[in-house]
Amino acid sequence: MNALSTSMRTDMCGQLTASDAGRTVTVCGWVDRRREHGEHLAFIDLRDHTGIVQCVVNRSHDLRGEYVARMTGEVRPRPDDTANLDLATGEIEIEVTEIEILSESEPSPFPLDERTEVDETLRLRHRYVDLRKERLQRNLRTRAKVNSAIRRGMEQKGFVEIETPMLVASTPEGARDFVVPSRNQPGSFYALPQSPQLFKQLCMVGGIDRYYQIARCLRDEDLRADRQFEFMQLDAEASFVDQDDVFDFISHAVAEATEAVTGERPTEFPHITWLDAMERYGSDKPDTRFAMELVELTPLFENTEARVFQAPCVKGIRMEAGVEALSRNQIDALVDTCKQWGAKGLAWMKVVDGDSGPALDAGVAKFLSADESTEVIAALEAQPGDMVFLVADERRMVRHVLGLLRLELGRPPVNEGGLNFLWVVDFPLFEAINQDGKPIPAHHPFTMTHPDDIEGLDAEGEALLDVRSQAYDLVLNGWELGSGSVRIHRPEVQSRIFELLGIGAEEAQVKFGFLLDAFRFGAPPHAGFAFGIDRLTALLVGETNIREVIAFPKTQSGGDPLTGAPSPIDAGHLEELGIRVLPPST
């Protein structure tokens, strides 16, 4: 008897080997495939989550695709010329003596092999069938390994798992809340948590010291490949720590999860500042599996006569062997794409063999002076056969466009190039100045200022955008896994942040009263982090969409084809809740 044996079966289909020959076994599963063999026999491939085993049955048995069956028989070696070495059980088969059909099945709505492309809506409408695929079985079981390893890693660091409420008050970012009406208090609503942020900080005030939770969070936002309305995250908070301590805790948990899945433990979690990431990669979540970094060219064009490069910022990237890789039509398409991203244009040139070394040709090369051409080649370390691309504009736009172009030209497939983890640190405290002259926070308003920039809070206007925070992100292969920060626990700093944001004492009390009240009773220095388990698992198994590692996801439009959600509520139920639904505005 093995761990998966039950009163109905002795063995799993995919775990039988040549060493089991001569044993009488009972297996249960779904009919994956039926092949007729002569007048009296049929081969049945029986499938469970461990794999497939070939069963030899009497042809008279009415076994069809996806029927659920229980089979008993003797394991025997396959004849040498019929062994299937591509199958784990390919050396043996079961000579069946007893068959019990446990459940019949209608024809499957789609093939369960990975060779056939199936419309995603159809897959999700019949997700219970889709989940039988080997790939999804593997993904979900891998996800369970990730969860287990994360828990182990956090507990090794002394963290305590605590569950926080699912019915909470609406947050300051309430426009993204999912709300739940209160039956007992008509007209009042709970919100479903976008994160346990405030509650985990209260745990620190309560002396928990180290909290973690694998938390379900909900956010009403536009969906894409790495976002769902419902998502799971590792949420953590610790007292009497700085950001380096947080890096240690989280890197340890992520390394545990990665090793559990891949068998290899990552040892490098390098750091890069936000500013450095933006200047070198044009992104605050850089994919460092490949080079093609953005190169600063602004000083080279300080006195240029080429109007296309008379701009506050000029940067360039080099595509190795790009001349052969890109046709003129593809180059023209890249120019159009860059314009769609907001650029005024895209300057491109080919690198060719010149009389005295590499030279620029085609594109905008004719507008450059000889010295400018030489300096561009040297700065980009360009060689004959390469393509170079330059963008000239405001610095923010240059970084944005070239960062996207870099990914377009060089990004490897999700399952190639290894796993490159990266901590991005020193994010700006504010991301912009609004029309009222007030700074817009780049994070939640409890994020602590960088210790070297506290005096910068006395600045005004655009100068406030230079103030750094103690916020940090963990990035993997160009995906943001999660974010965190050192929190403000000093009242005078918190008051100054609220003042800068235009949040008065009364408004602060309305929005954050229960947290601010708690801080009056002794708040320790604390910091935390949260990362998406869906995203981490997807990258570890080589998926490009987190829907493939979630058992019952929503479509990109937010619908659930399986249950029909979202759907109207019965009028009587609405009346009981004191809710009236208005017709859609035209």
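## Basis of the model

Because the model is predicted, local features need pLDDT of at least 70 and side-chain atom pairs count only at pLDDT 80 or more, whereas totals for chains, interfaces and linings use all residues. Residues are numbered from 1 along each chain as its sequence is written, and side-chain values use heavy atoms, with hydrogens and water left out.

## A nonpolar surface patch

Tyr128, Phe552 and Leu562 make a nonpolar surface patch of about 290 Å². Tyr128 belongs to helix H2, residues 127–130 (a helix is a DSSP run of H or I with at least four residues, numbered from the N terminus). With a relative accessible area of 44%, Tyr128 counts as partly exposed (buried means under 20%, exposed over 50%, and partly exposed in between, with a 1.4 Å probe and protein chains only).

## Cavities

The whole structure holds 3 cavities of 30 Å³ or more (a cavity is a set of points on a 1 Å grid over the protein atoms alone where a 1.4 Å probe fits but cannot get out, and lining residues have an atom within 4 Å of a point). The largest cavity has a volume of about 50 Å³, and its lining includes Leu429, Phe430, His443, His444, Ile497 and Leu501. That lining divides into 8 nonpolar, 3 polar and no charged residues.

## A buried alanine

Ala538 lies in helix H13, residues 533–541, and is buried, with a relative accessible area of 0%. Ala538 and Val549 stand 11 residues apart in sequence, and their C-alpha atoms are 6.1 Å apart in space.

How values were computed:
Patches are made of residues with over 30% relative accessible area and no salt bridge: like charges are joined within 9 Å, nonpolar side chains (Val, Leu, Ile, Met, Phe, Trp, Tyr) within 5 Å. Accessible areas come from the Shrake-Rupley method with a 1.4 Å probe; for residues, only the protein chains shown count as cover. A salt bridge is a side-chain nitrogen of Lys or Arg within 4 Å of a carboxyl oxygen of Asp or Glu. Helices (H or I, at least four residues) and strands (E, at least two) are DSSP runs, numbered from the N terminus. On a 1 Å grid over the protein atoms alone, a cavity is a set of points where a 1.4 Å probe fits but cannot get out, and a pocket is an open set with protein on both sides within 12 Å along at least five of seven lines; lining residues have an atom within 4 Å of a point. Grid points are joined across faces, edges and corners, and a volume is the space filled by probe spheres set on the points. Ala, Val, Leu, Ile, Met, Phe, Trp, Tyr, Cys and Pro count as nonpolar, Asp, Glu, Lys and Arg as charged, and the others, Gly among them, as polar.
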